[in-house]
Amino acid sequence: MRRLALVLALLVVVAQTVAAAEPAWMTKPLKADEAIVVYLYHSGWLVRTHSHVLIFDPVAAPGQKILEPLGVPPTALAGRNVTVLVSHAHSDHWDPSILGWVEQVPGIHYVFGWELEAKEPHVCLGRNRVVTRMGGVTIYNVHHAFDGIPESAFLVHADGLWLYHAGDHSHSRGAKDKTFRDNLSYLASRTHHLDLMFTPTWGGELYAIRVLRPRVVFPMHDGGREVQYARWASRSEVAAPPIVVGIADRPGRRFLYRNGRLRRAP
Ligand SMILES: [Zn+2]
């Protein structure tokens, strides 16, 4: 009898562990026009679409592990189509420890926005605008060096959704900067609509929004000062319709995107 009680107790622990490893936002079936968006920290986001998991510029919040805001370890992503995209080598966007996810998530893809010297056969993008197709995801890159090092911004097509992660592609001179302007024109020419846009807010983002016409915008690059996202959203140029803003007030904040609309995800 005591053994039976022990077995039952163990089963409860196992069930709780499985439940903890697979939260609802990870298992909820998604249609082709749906996505779950999770703010990790700073410029770091995870986007889950119908059949893909995209992770952009993942870095850790102070005192946390990189994926801790998800509530699951990297191993929970095993068996999914995971693509990690890193815009550039500054430490607020790139943490080399993420290469270790290869061990925990077999088949994971990495795309780097510069010519990183890596032993693994990762995709490393240079100055050229190329179209990268891998594992059912299509990626268009644009190059810049606004901050003195080579960087990319990414336009991604996955499961019918179009996403733009700007990295640090933002410019105080906005449309007056030729590279900034040309890059956005090029990206706008690749797609007739944009679902999700992730952008820093130190300049040029309103011009980028006008050019790319995203359905939803997520301000970013204020890790630790997330209150800035709400402040940006309340600016009169942004608050006026039709810009829908996803305001991440803390790491781990989740959103459900469905056909142009946004709401808090469970
Ligand atoms: Zn940065």
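Two strands count as paired when DSSP finds at least two bridges between them. With that in hand, here's a walk through this predicted model, starting at a hairpin.

**The hairpin and its sheet**

Strands E14 and E15 make a hairpin with two residues between them. In that turn, Asn-259 has a positive phi of about 50 degrees. E14 (residues 254-258) and E15 (residues 261-264) run antiparallel and are joined by four bridges.

| Residue | Bridge partner in E15 |
|---|---|
| Tyr-257 | Leu-262 |
| Arg-258 | Arg-261 |

**The core**

Which residues touch the most other members of the largest nonpolar core? Val-37, Trp-45, Tyr-164, Leu-196 and Phe-198 do, out of 62 residues in that core. Strand E1 (residues 34-41) gives the most to this core, supplying seven residues. As a general point, nonpolar side chains in soluble globular proteins tend to be buried together.

Phe-198 is a handy one to click on. Skip its neighbours within four places in sequence, and Phe-198 is in contact with Trp-45, Phe-56, Tyr-164, His-165, Ala-166, Phe-218 and Met-220.

**Helix H4**

H4 (residues 178-190) has 13 residues and reaches 19 Å from its first C-alpha to its last, close to the 18 Å expected at 1.5 Å a residue. Its buried residues are Phe-180, Asn-183, Leu-184 and Leu-187. Why do these residues share a side of H4? Because they cover an arc of only 95 degrees around the axis. Over on the other side of H4, Lys-178, Asp-182 and Ser-189 are exposed.

What do the buried residues of H4 pack against? Their partners are strand E8 (137-144), strand E9 (151-158), strand E10 (161-165) and helix H5 (205-212).

**The whole chain**

Along the principal axes, the C-alpha trace spans about 80 × 45 × 35 Å. Buried residues come to 38% of the 266 residues. Among contacts with a separation of 6 or more, 59% are between residues 24 or more positions apart.

Technical notes. Residues numbered from 1 in each chain as written. Predicted model: local features only at pLDDT ≥ 70, side-chain atom pairs only at ≥ 80, totals over all residues. Core = buried A, V, L, I, M, F, W, Y, C linked by C-beta atoms within 7 Å. Buried ≥ 20, exposed ≤ 12 C-beta atoms within 10 Å, placed from the backbone. Contact = placed C-beta atoms within 7 Å. Expected span 1.5 Å × (residues − 1). Arc of directions from axis to C-beta.
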